[in-house]
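Biologist: Could you walk me through this one slowly?
Modeller: Gladly; have a look at it first.
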Amino acid sequence: MFNKLKPRLAAHSIFEIPLDELWRQGIRGIITDLDNTLVGAKVPLATPELVDWLKKVQDRGFQLVIVSNNNKLRVSAFADPIVVPYISSAKKPMNASFIRAMKLMQLGPAQTAVVGDQMLTDVLGGNRLGLYTILVAPMAVADEGFFTKVNRAIERVVVRFMKQ
């Protein structure tokens, strides 16, 4: 059961993801969460550092789709200026949004990575479909909403059990 919550890779931030290694492994598309993965939950726009990283991702040939449980207003306001496709109100860890993102990129599970800051949404959803899952540390825990805080408490319990 806990195997579905274990990421293939853990990184401190998206900036530490080994893009060249992913490419060598056949990954061609990245599904990424938005809040606390790309920017803090209350940061409205991409930072210059993130814009540079996104350019690096695209220059290496990766496709990218933002998949967020947040509402369309939040996600579109962030994604439209940087011209990145997105899926809002995703209901992660349900399969539908991950499948839809892969269809947008015209890629299969073996070619797709999922990057996110939550085990119960991003990692679980990606692992259920056989995607390459990458867990990053959340950027701004203090800005998280109620349900995310509940998920974090559950994650702490899961991590304790996984260590035993």
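Modeller: Before we start, buried means under 20% relative accessible area, exposed over 50% and partly exposed in between, with a 1.4 Å probe and protein chains only. This is a predicted model, in which local features need pLDDT of at least 70, side-chain atom pairs count only at pLDDT 80 or more, and totals for chains, interfaces and linings use all residues. Residues are numbered from 1 along each chain as its sequence is written, and side-chain values use heavy atoms, leaving out hydrogens and water.
Biologist: Which residues of strand 5 are buried on one side and which on the other?
Modeller: Thr112, Val114 and Gly116 are buried on one side, and Ala113 and Val115 on the other; strands here are DSSP runs of E with at least two residues, helices are runs of H or I with at least four, and both are numbered from the N terminus.
Biologist: Why two sides?
Modeller: In a regular strand the side chains alternate between the two faces of the sheet.
Biologist: And what does strand 5 pair with?
Modeller: Pairing needs at least two bridges found by DSSP; strand 2 (residues 29-32) runs parallel to strand 5 and is joined to it by four bridges, with Gly29 partnering Thr112. Strand 6 also pairs with strand 5 in the parallel sense, over four bridges, and there Val115 has Ile134 as its bridge partner.
Biologist: New topic: what does Ile17 touch, beyond its sequence neighbours?
Modeller: Leaving aside neighbours within four places in sequence, Ile17 is in contact (heavy atoms within 4.5 Å) with Ala11, Leu22, Trp53, Val115, Ile134 and Val136.
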